[in-house]
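Try each task before reading its solution.

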Amino acid sequence: MTDNVISTRVRLARNRHGVRFPAKMSDVDADGIIKAVKSALGNGYEIYYAARTSEADAGALMERHLISPELLRSRRGAAITDGESVSVMACEEDHVRIQAIVQGFDPVGAYDMAKAIDDKIGRNMEYAFSDRLGYLTACPSNLGCGMRLSVMCFLPALNKSGKMEDAVAILSETGITVRGEKGEGSKGAGYAFQISNRRSLGVNEKEIIASVSDAANILERMESEERKRLLATKKDVLKDGVFRALGTLRHAYIMSHEELTSLCGEIKFGIDCGFLRGMTTTEVDELCARLQPYNMMLERRRKMGEEERVRERAARLPSALTNLYEVR
């Protein structure tokens, strides 16, 4: 079930009762929100202040989807994170944005993680809530239970066959939104797409989990059927594309992260189809993540220009792909 799911994310939007939304709130109120969230969470979390966090740290957090560009632009918000799976953004679009990310398909597990954090903060902060509208949020689309459930899916066959638009149309009729990996307005780099609930008003968390799970299953079925069709009719062409992608990764002198993402999508497709062996798709995702711009700078502990990054990225790929081999 849902073998094509890369990760699952749950986000909860909350605001403090009696305090203006972040766009209109005072610096004193913003400091109070940050302190209240930090106090509620206690030990085991690291806090990153938007105005004081280094470019490399902030960029790496964004690349790991733990914070948003909007938080950094606020210059007065903060992110409190356990390092990998849970983050709380204070004073972004809402006073509190709770986020939990898990690998693979686990909407219930992700929700339980986010809900545990929500309960902690809720005991320390009275939320703005209406019996008619639910949780009050800065954006009307988040009213109600304030929950957004996103599932990141790997859909190469639907893209290769031009059937992705059909899939988007089918899901749109069920209240599901499909976006690229980086959210609204982005494309499906490396064949990765987010599917998420369109609304949270008038539905509860269980209903959202059920609808997004149904959508993920529909996509898996469509992707599986299209892969079988393509492998039956265009196997040599598909294999050639995968082998060419691997050759480029191993022998390129410069490599942008955008090109790396695209080529790694081909590699993952080749692994799934049995054209390549020696690495898992998860290992390919981890490699691609390590070679993102800010993660590279964080690893080097210094600023790196684009020219240096594209050369070093290419130089590191041959050894990173040593175990990967073609099945002729």
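A disulfide is a pair of cysteine sulfur atoms within 2.5 Å. The model is predicted: local features need pLDDT of at least 70, side-chain atom pairs count only at pLDDT 80 or more, and totals for chains, interfaces and linings use all residues. Residues are numbered from 1 along each chain as its sequence is written, and side-chain values use heavy atoms, without hydrogens and water.

**Exercise 1.** Find how many disulfides the structure holds.

*Solution.* The count is zero. Take C139: the nearest cysteine sulfur belongs to C145, 14 Å away. Next, C273: its sulfur is 16 Å from the closest cysteine sulfur, in C264, so the gap is too far for a bond.

**Exercise 2.** Decide whether C273 is buried or exposed.

*Solution.* Start with the cut-offs: buried means under 20% relative accessible area, exposed over 50%, partly exposed in between (1.4 Å probe, protein chains only). C273 has 19%, so C273 is buried. C139, at 24%, counts as partly exposed.

**Exercise 3.** Pick out the residues with the most contacts inside the largest nonpolar core.

*Solution.* Such a core is a set of buried Ala, Val, Leu, Ile, Met, Phe, Trp, Tyr and Cys residues joined through side-chain atoms within 4.5 Å. The largest has 51 residues. V37, I98, I121, M147 and I195 have the most contacts inside it. Now look at I195. Contact means heavy atoms within 4.5 Å. Beyond neighbours within four places in sequence, I195 touches residues including L149, V151, L171 and V212. Another core, of 36 residues, lies apart from the largest one; I6, F154, F243 and L246 are among its members.
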